[in-house]
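Morning, everyone. Please have the structure open on your screens while I talk.

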Amino acid sequence: MSKQRLGMLLLLLTMFAIGSVVLASCTRPGAPTATGSGNNGGSNNGGSSSGGAPTVHMTVDNFAQNTVTVPKGQKLSLVDDGQYLHILDNGSWVNGTAVPKKEPGAPTVSSLQVNGDNVEIGPFTTAGTFHIYCTIHQNMDLAITVK
């Protein structure tokens, strides 16, 4: 192999390595969030860590869980697990059709854009069950029960 080709190969490998490091640093868990609340973790039952807000993670086109329980007076933390665009509103999907609906007592969620960051919704001051959905991902619904 000629020196010129070997040099070009080494340059490409170096650029690939640097790009991988940059990409990994942009998507590492625990990165600072838009709300400054940090990555609270989460679980399938709407868990939280260290007394923080209940947390729901979002995947590329869905909520990681479709229900969560939030104590009355608390906020809900939504964590986008990647650089995925979501636009959230009050309401839900019904048989593949978006049905916007502001339920009495629910915090207003209107065209809330989430794209690789964390957001908080609330506080939830009224007991009941409320719904939010992603307007661009069919059947991406979340039912929030406030107790």
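First, the ground rules. This is a predicted model, where local features need pLDDT of at least 70, side-chain atom pairs count only at pLDDT 80 or more, and totals for chains, interfaces and linings use all residues. Residues are numbered from 1 along each chain as its sequence is written, and side-chain values use heavy atoms, with hydrogens and water left out.

Now the layout. The protein chain has one helix and nine strands. Both are DSSP runs, numbered from the N terminus: helices are H or I with at least four residues, strands are E with at least two. Read from the N terminus, the order is α-β-β-β-β-β-β-β-β-β.

How much of the chain is buried? Of its 147 residues, 32% are. Buried means under 20% relative accessible area, exposed means over 50%, and partly exposed lies in between, with a 1.4 Å probe and protein chains only. Next, contacts, meaning heavy atoms within 4.5 Å. Take those in the chain with a separation of 6 or more: 58% join residues 24 or more positions apart.

On to the core. A nonpolar core is a set of buried Ala, Val, Leu, Ile, Met, Phe, Trp, Tyr and Cys residues joined through side-chain atoms within 4.5 Å. The largest one here has 21 residues. Which of them touch the most other members? They are Phe 63, Leu 76, Leu 78, Leu 142 and Ile 144. Strands 1, 2, 3, 7, 8 and 9 each supply at least two residues of this core. Look at Leu 78. Beyond its neighbours within four places in sequence, its contacts include Val 56, Phe 63, Val 119, Ile 132 and Leu 142.

Stay with strand 1 for a moment. His 57 lies there. This residue counts as buried because its relative accessibility is 16%. Its side chain makes a polar contact of 2.7 Å with the side chain of Asp 81. A polar contact is a pair of N or O atoms within 3.5 Å; within protein, one must be able to donate a hydrogen and the other to accept it, and residues adjacent in sequence count only if both atoms are side-chain atoms.

Charges next. Side chains of opposite charge can pair when their charged atoms come close. A salt bridge is a side-chain nitrogen of Lys or Arg within 4 Å of a carboxyl oxygen of Asp or Glu. How many does a search of the whole structure find? One. Glu 120 and Lys 75 form it, at 4.0 Å from N to O. Glu 120 sits in strand 7 and Lys 75 in the loop between strand 2 and strand 3, so the pair ties together parts 45 residues apart in sequence. Glu 120 is partly exposed at 29% relative accessibility, and Lys 75 is partly exposed at 36%.

Two more stops. Asn 139 is in the loop between strand 8 and strand 9. Its C-alpha atom is 5.3 Å from that of Trp 93, although the two are 46 residues apart along the chain. Ala 98 is in strand 5. Not counting residues up to four places away in sequence, Ala 98 touches Ser 92, Trp 93 and Tyr 133.

Last, the helix. Leu 6 is found in helix 1, residues 3-26. Is Leu 6 buried or partly exposed? Partly exposed, with a relative accessible area of 41%.
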